[in-house]
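Biologist: Before I use the labels on this model, I would like to hear what each of them rests on. Please give the cut-off and then the value.

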Amino acid sequence: MQNFQPTPGCPIPVRILADSAVREEVEPWLRTGLVCGVTTNPTLLRRAGLHVSDIAEVARWAAGDGEREVCFQLWGDTAEQQYSNAMRIHELAPEALIKVPVPPAGVTRVAPLQGPGLPGRVTPRAPPHPPPH
């Protein structure tokens, strides 16, 4: 992973991301200038009535003009399923970061994503999220 660098234009040296898949919930936060992007996960996508096929649209509005960070948490019960879903996310939203949920065994899922050059993040997580629709 790259060294931490604050998001350009972010007024504080910490990245604060809105945790939602609902545009109407996120946009007021983005307008404050304190929130530098959007992060979401399969549960939030499902609660918003969104499907895997909606990832591209969420990435589009969440990224704005490309100045904001966008993260999607992957899902799957095995390393292979998570890798496959990471590739799906990357295909739908190539500029998005991929969050790998990390129960202790999850750390092993990060290195294989670096091979094809997928940008990613790690997020501590106990139980895995069920897949979006």
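Modeller: Start with exposure: a residue is buried under 20% relative accessible area, exposed over 50%, and partly exposed in between. Keep in mind that this is a predicted model.

Biologist: Why is Arg60 called partly exposed?

Modeller: Its relative accessible area is 47%.

Biologist: What makes the pair Glu57 and Arg60 a salt bridge?

Modeller: The term asks for a side-chain nitrogen of Lys or Arg within 4 Å of a carboxyl oxygen of Asp or Glu. For Glu57 and Arg60 the closest N and O atoms are 2.6 Å apart, so the pair meets the definition. Both residues lie in helix H3, three residues apart, about one turn of the helix. Glu57, at 38% relative accessibility, is partly exposed.

Biologist: How many salt bridges does a search of the whole structure find?

Modeller: The search finds three. One of them joins Glu27 to Arg23, with the closest N and O atoms 2.6 Å apart. These two are four residues apart in helix H1, so about one helical turn separates them. Glu27 is partly exposed at 26% relative accessibility, and Arg23 is partly exposed at 32%.

Biologist: How do you know that Arg68 and Glu67 meet in a salt bridge?

Modeller: The N to O distance is 3.6 Å, and the cut-off is 4 Å, so the pair of Arg68 and Glu67 qualifies. Arg68 has 22% relative accessibility and Glu67 has 42%. Each value falls between 20% and 50%, so both count as partly exposed.

Biologist: Which residues of H3 are buried?

Modeller: Ile55, Val58, Ala59, Trp61, Ala62 and Ala63. The buried residues of H3 pack against H1, E2, helix H2 (42–47), E3 and H4. Just after H3, Gly64 takes a positive phi of about 65°.

Biologist: What makes a set of residues a nonpolar core?

Modeller: The members must be buried Ala, Val, Leu, Ile, Met, Phe, Trp, Tyr or Cys residues joined through side-chain atoms within 4.5 Å. The largest such core here has 26 residues, and Ile55, Val70, Phe72 and Ile89 have the most contacts inside it. Helix H1 (23–31), helix H3 (55–63), strand E3 (69–73), helix H4 (79–92) and strand E4 (97–102) each give two or more residues to this core. H3 supplies the largest share, six residues.

Biologist: Which residues does Val70 touch, not counting those up to four places away in sequence?

Modeller: Val70 touches Val38, Ala59, Ala62, Ala63, Ala96 and Leu97.

Biologist: How do you know that the buried residues of H4 line one face of the helix?

Modeller: The buried residues of H4 are Gln82, Asn85, Ala86 and Ile89. Seen down the helix axis, they fall within an arc of 110°, so they line one face. Glu80 and Glu91, on the other side of H4, are exposed. H4 has 14 residues and reaches 20 Å from its first C-alpha to its last, close to the 20 Å expected.

Biologist: Why is Gly33 not called buried or exposed?

Modeller: Gly33 has 31% relative accessibility, so it counts as partly exposed. Its place is in the loop between H1 and strand E2 (37–40).

Terms used. Residues numbered from 1 in each chain as written. Predicted model: local features only at pLDDT ≥ 70, side-chain atom pairs only at ≥ 80, totals over all residues. Heavy atoms only, no water. Buried < 20%, exposed > 50% of the residue type's maximum accessible area, 1.4 Å probe, protein only. Contact = heavy atoms within 4.5 Å. Expected span 1.5 Å × (residues − 1). Arc of directions from axis to C-beta.
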